[in-house]
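Thanks for coming, everyone. Let me put the model up, and then we go through it piece by piece.

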Amino acid sequence: MTAGEVTRPNFPAPVADVDSEPFWAAAAEGRLRVQVCVGCERGVFPPTPGRCPFCGLGLEWRYHESSASIYSWIGVDRAIFEWEAGLVPFSVVLARIDGLPDVKLPCLYPGPATELKAHQPGSVRFGSEYGDGVRLMFDPAVDG
Amino acid sequence: MFSRARILGTGRTPFSKASGRSVLSLALEATEGACRDAGIDARDLDGVITYAIDDSIYSTSVLNALGCPDIRWFADFNGGGNQFLTSLLQAAMVVEHGLAERVVVFRAINGRSESRLGGSSKSIAARGGMQYTAPVGWTTYGRFDAMMARRHMEIYGTTTDHLGGVAVAAREWAVSNPNATMRKPLSLEDYNQSPMISDPFRLLDYCQEFDCAFAVVIGAAGTSATPSREIEFVSGVLGGGPRPGGDHWGYIEWSEHAKTFSHFLKQRLYGPAGLRSSDIDLLYLYDCFTFSVLGQLEGFGFAKPGESGALVASGATGPGGHVPVNTHGGLLSEGYGHGMNNFVEAVLQLRKEAGDRQLPRADRALVTGGATTTGCAIVLGAAA
Ligand SMILES: [Zn+2]
C-alpha cells in the first residue's frame with residue numbers, strides 16, 4: 001500500500017459451506033436465521049452440524065429479529081490488507097442478539113471505535129456495500 | 001509429575017530481520033546448540049517434535065539432516081502459541097514412557113523475512129470460521145485479542161495504561177538482556193504515543209516477529225553431561241474452556257471474552273501437584289500481546305479478576321517486583337520466538353545461569369503457551 005493510494009473497500013466474500021448454507025441463504029434475502037435448541041432454547045452460532053452444545057438436544061433453524069447490543073468491539077486504525085485500506089478507521093463489533101445472549105455475531109461498523117460504547121443498542125443487517133457477497137453490519141440505534 | 005523426563009539442554013539462534021538462511025539451517029543450529037548444552041551427540045537424538053502454522057519445516061527434516069540412525073518418535077503440531085508447550089509436554093511424556101530416549105523440540109521460522117503471522121498476505125479465503133470474521137475485517141490474532149482486551153476493559157475498568165504497563169515492564173527486563181531485540185528504555189508516555197493499530201491495541205501492545213530458531217532437548221534423568229543442570233517437570237496441563245472455537249480463527253462462541261484459557265487450567269495445574277500460586281518464583285506468561293499477560297495473571301491466580309492491571313501498574317511484575325514476569329523481556333521485548341524463548345529463559349533462571357538478570361529465588365517457574373481460548377501451562381523445577 002502506498003500512502004495516498006486509497007482503494008475502494010472490497011472485503012472478502014463469505015464462502016458458505018454445507019453447515020452454514022441456511023444462514024447465508026437467509027442473509028441473501030436480508031433475514032437473520034440462526035440455530036436454536038428445541039430443548040433449552042439457547043441460540044447457537046456459528047452454525048453446526050451437531051447437537052446443542054449446551055444440553056445435547058437437537059437444533060432447528062429459526063428466523064430471528066435483528067435487534068442487538070454491543071458485547072465488545074475493536075477499531076481498525078491501521079490497514080493490513082489492501083481491501084480494507086479505503087475504510088480505515090473502521091470497527092468490528094461483536095453484537096449480542098436480543099433474546100439469544102449466546103449468539104454473538106461479528107459485524108462491520110464503518111466508523112471509528114470511539115463512536116461506539118459497551119452495551120450500546122442497535123441492530124444487525126446484511127449489507128453489500130463494502131465488497132462482494134453480503135456481510136453483517138451493525139447499525140447503532142439513533143438515540144443509542 | 002514425571003520421574004524420568006528432564007530438560008537436558010536448550011539452544012537458540014540470534015533474532016534477525018533477514019536471516020538469509022533456510023528454516024532448516026536455523027533449526028539445525030538451534031538443535032546442535034541444545035545438544036552441546038546437554039553434552040550429548042546430536043546423532044543420538046531419536047525423537048523430534050515441532051509446531052507450525054504452515055510456516056516451517058517437517059519435524060523429521062532435522063533428524064534426517066543430522067543423520068540420526070534410529071528415529072522412534074516424531075510429531076508435527078498444527079498450531080501456534082497454544083501448541084508450543086504441548087510439544088514440550090508431549091516430549092516429556094514420550095521420554096517418561098520410554099517411547100524415545102532423547103527428543104528435541106524445535107521451532108524455526110523466517111518469521112520476519114518470509115511468513116509473518118501478523119498478516120501480510122494479499123488474500124484470505126473466508127472459509128471455515130473465517131467466513132464469519134474475514135468479511136467484516138476481524139482478521140489476525142491481534143484483532144482477536146484486542147476484542148478480548150476491550151471486553152475486559154468494559155467489565156473491570158481496565159485501562160490502556162494497564163496494557164501499557166505490561167509493555168513497559170517487559171522492556172525494563174529486556175534492557176539488561178543482550179539477546180533482546182528491543183532494549184531502549186520505554187516509558188508509559190512512549191507507549192501512549194505509539195500508533196493505534198487495533199483499538200485498544202497500539203503498536204507496543206504487539207510483539208515483533210523475527211527470523212529465529214529455538215530447540216530444547218528432553219531426555220532421561222541423569223543422561224546429560226551435568227545432571228545438576230537438568231530441569232524437572234513439576235506439573236503440566238493442556239486444555240481450554242467451553243466453546244473454545246473450532247479452528248485457528250474461530251473465537252466467536254467463547255463464553256466470556258474477558259477470560260482466557262488460563263482460568264480453566266489453574267485447578268488442574270496446581271491441585272494434583274499440591275502447589276499454590278505463591279509457590280511460583282518466576283512467571284513466563286505467553287505474551288504475544290500485552291492483554292495476554294493480564295488475562296493469565298488473573299487466570300493463574302496471581303491477581304483477582306479485574307485486578308491484574310493494578311498489579312502490573314504497581315511494578316510487581318517488573319525488575320524488583322514480587323511477581324516477576326518474563327525476566328528476559330518476553331515475546332514483547334526480547335522478540336517473537338513463538339514462546340520457545342520464554343521457555344529457554346525459564347530453564348536458564350532455574351539453573352541459576354541467567355547472569356546479570358539472575359533472580360535469587362528461582363526454584364519454581366510457570367511457563368505458559370496460549371493467549372485466548374486454549375493453551376498449555378507447565379511448572380518447571382530446579383534439580384532437587
Ligand atoms: Zn439445548
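A salt bridge here is a side-chain nitrogen of Lys or Arg within 4 Å of a carboxyl oxygen of Asp or Glu. Two housekeeping points before I use that. This is a predicted model, where local features need pLDDT of at least 70 and side-chain atom pairs count only at pLDDT 80 or more, while totals for chains, interfaces and linings use all residues. Residues are numbered from 1 along each chain as its sequence is written, chains are lettered from A and ligands numbered from 1 in the order in which they are written, and side-chain values use heavy atoms, with hydrogens and water left out.

Salt bridges, then. How many salt bridges does the structure hold over all chains? The count is 22. Start in chain A. Glu60(A) pairs with Arg62(A), and their closest N and O atoms are 2.8 Å apart. For accessibility, buried means under 20% relative accessible area, exposed over 50%, and partly exposed in between, with a 1.4 Å probe and protein chains only. Glu60(A) is partly exposed at 32%. Arg62(A) is partly exposed too, at 25%.

Over to chain B. Arg4(B) and Glu101(B) form a salt bridge, with 2.6 Å between the closest N and O atoms. Arg4(B) lies in the segment before strand S1 (5-12) of chain B, and Glu101(B) in the loop between helix H3 (81-96) and strand S4 (102-110), so the pair ties together parts that are 97 residues apart in sequence. Helices (H or I, at least four residues) and strands (E, at least two) are DSSP runs, numbered from the N terminus. Arg4(B) is partly exposed, at 28% relative accessibility. Glu101(B) is partly exposed as well, at 22%.

Next pair. Arg72(B) and Asp46(B) meet in a salt bridge at 4.0 Å, N to O. Arg72(B) sits in the loop between helix H2 (60-66) and strand S3 (73-78) of chain B, Asp46(B) in the loop between helix H1 (23-38) and strand S2 (47-52), and the two are 26 residues apart. Is Asp46(B) buried or exposed? Asp46(B) is buried, at 3% relative accessibility.

Now the metal. Which residues are the protein donors of the zinc ion? They are Cys37(A), Cys40(A), Cys52(A) and Cys55(A), each through SG, lying 2.2 to 2.3 Å from the ion. Donors are N, O and S atoms within 2.8 Å of the metal (3.2 Å for Na, K and Ca); water is not among the atoms, so sites may look incomplete. The 4 donor atoms subtend angles of 98 to 119°, so the arrangement is tetrahedral. Four donors count as tetrahedral if all angles lie between 85 and 135 degrees. Along the chain, the donors follow the spacing C-x2-C-x11-C-x2-C. Cys40(A) is in the loop between strand S1 (32-37) and strand S2 (43-44) of chain A, and Cys55(A) in the loop between S2 and strand S3 (59-64), 15 residues apart. Cys40(A) is partly exposed at 30%. Cys55(A) is partly exposed at 37%.

Cover next. Helix H9 of chain B, residues 290-299, is mostly covered, with 10 of its 10 residues buried. Among them are Phe291(B), Val293(B), Leu294(B), Gln296(B) and Glu298(B). After H9(B) comes Gly301(B), with a positive phi near 90°.

Last topic: rings. Rings of Phe, Tyr and Trp (its six-membered ring) pair if their centres lie within 6.5 Å; planes under 30 degrees apart count as stacked, over 60 as edge-to-face and the rest as tilted. By this rule there are 22 aromatic pairs over all chains. The ring centres of Phe23(A) and Phe45(A) are 5.3 Å apart and the planes are at 55°, so the pair is tilted. Phe23(A) is in helix H1 (residues 21-28) of chain A, Phe45(A) in the loop between S2 and S3 of chain A, 22 residues apart. Both Phe23(A) and Phe45(A) are buried. Trp138(B) and Phe144(B) make another tilted pair, 4.6 Å centre to centre with 45° between the planes. Trp138(B) and Phe144(B) are both buried. Finally, ring pairs join Phe23(A), Trp24(A), Phe45(A), Phe126(A) and Tyr132(B) into a cluster.

Notes:
Tetrahedral: all angles 85-135°; square planar, octahedral: opposite > 155°, others 65-115°.
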